[in-house]
Amino acid sequence: MGLREIHAGGRAGSVRAVAGAGCEGVFVTDSAAAMPIVLFDGRCGFCTWSVHVARKYVRPRAQFLAYQSVDLDQFPVSREECEAAVQFVDGSKVSSGALAVGRILGVGVGMWPQVGRVVSAPAVLPVSERVYRFVARHR
């Protein structure tokens, strides 16, 4: 079986999936790298549902990718970090957990950027992180 490419367009670029000949995964092209990437647990039903809700209501300017389907070598994060929490990758800057949620909200539309600033505010972030960890443990 030969290689096949699947292009999924985004506002700022595309993501290329390559499958076949023992090589499967998603590779981010240079044009897609300009848009923040959210790496989430694609095997987690709650995580996948959360991505669906975020896409529908928050409409963030970001690409959501299950970390299991990407070549993590192209990102400044490890598999262990992805297993532990959602990752928001914006170039070389990475945010995890509650801070990643705040960043996702921050690139949304409408009121969501303000909500993201509150979630990420230094005075609120410790509480946001506790809530994130509680939900992560019980997903």
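User: At what angle do helix H3 and helix H5 pack, and how far apart are their axes?
Analyst: An axis is a line fitted to C-alpha atoms, for helices over the stretch in contact, and the angle, from 0 to 180 degrees, is taken between N-to-C directions. Helices (H or I, at least four residues) and strands (E, at least two) are DSSP runs, numbered from the N terminus. Here H3 (residues 97–106) and H5 (residues 125–137) pack at about 105°, with their axes 7 Å apart, and the two helices are therefore roughly perpendicular to each other. The words for angles have cut-offs: under 35 degrees is roughly parallel, over 145 roughly antiparallel, 65 to 115 roughly perpendicular, and the rest oblique. Please keep in mind that this is a predicted model, in which local features need pLDDT of at least 70 and side-chain atom pairs count only at pLDDT 80 or more, while totals for chains, interfaces and linings use all residues. Residues are numbered from 1 along each chain as its sequence is written, and side-chain values use heavy atoms, with hydrogens and water left out.

User: Which residues of H3 and H5 make the contact?
Analyst: Contact means heavy atoms within 4.5 Å. From H3 come Gly 97, Ala 98, Leu 99 and Val 101, and from H5 come Leu 125, Ser 128, Glu 129 and Tyr 132. Sorted by class, the contact of H3 with H5 holds five nonpolar, two polar and one charged residues; Ala, Val, Leu, Ile, Met, Phe, Trp, Tyr, Cys and Pro count as nonpolar, Asp, Glu, Lys and Arg as charged, and the others, Gly among them, as polar.

User: At what angle do H3 and H4 pack?
Analyst: H3 and helix H4 (residues 112–120) pack at about 160°, with their axes 7 Å apart, and are therefore roughly antiparallel to each other. Their contact is made by Ala 98, Leu 99, Gly 102, Arg 103, Leu 105 and Gly 106 of H3, together with Trp 112, Pro 113, Val 115, Gly 116, Val 119 and Ser 120 of H4. By class, the contact of H3 with H4 has seven nonpolar, four polar and one charged residues.

User: Which residues touch the most other members of the largest nonpolar core?
Analyst: A nonpolar core is a set of buried Ala, Val, Leu, Ile, Met, Phe, Trp, Tyr and Cys residues joined through side-chain atoms within 4.5 Å. The largest one has 16 residues, of which Val 38, Phe 40, Phe 64, Val 86, Phe 88, Ile 104 and Tyr 132 touch the most other members. Strand E4 (37–40), helix H1 (45–58), strand E5 (63–66) and H3 each supply at least two residues of this core. Apart from it lies another core, of 10 residues, including Leu 39, Leu 65, Cys 82 and Val 89.

User: Which residues does Ile 104 touch?
Analyst: Not counting residues up to four places away in sequence, Ile 104 touches Val 38, Val 58, Pro 60, Phe 64 and Phe 88.

User: Where is Arg 59 found?
Analyst: Arg 59 is found in the loop between H1 and E5. Its phi is near 50°, a positive value in a residue other than glycine, and with a relative accessible area of 43% Arg 59 is partly exposed.

User: How many helices and strands are there in the protein?
Analyst: The protein has five helices and seven strands, and read along the sequence they follow the pattern β-β-β-β-α-β-α-β-β-α-α-α. Of its 139 residues, 39% count as buried.

Conventions: Buried < 20%, exposed > 50% of the residue type's maximum accessible area, 1.4 Å probe, protein only.
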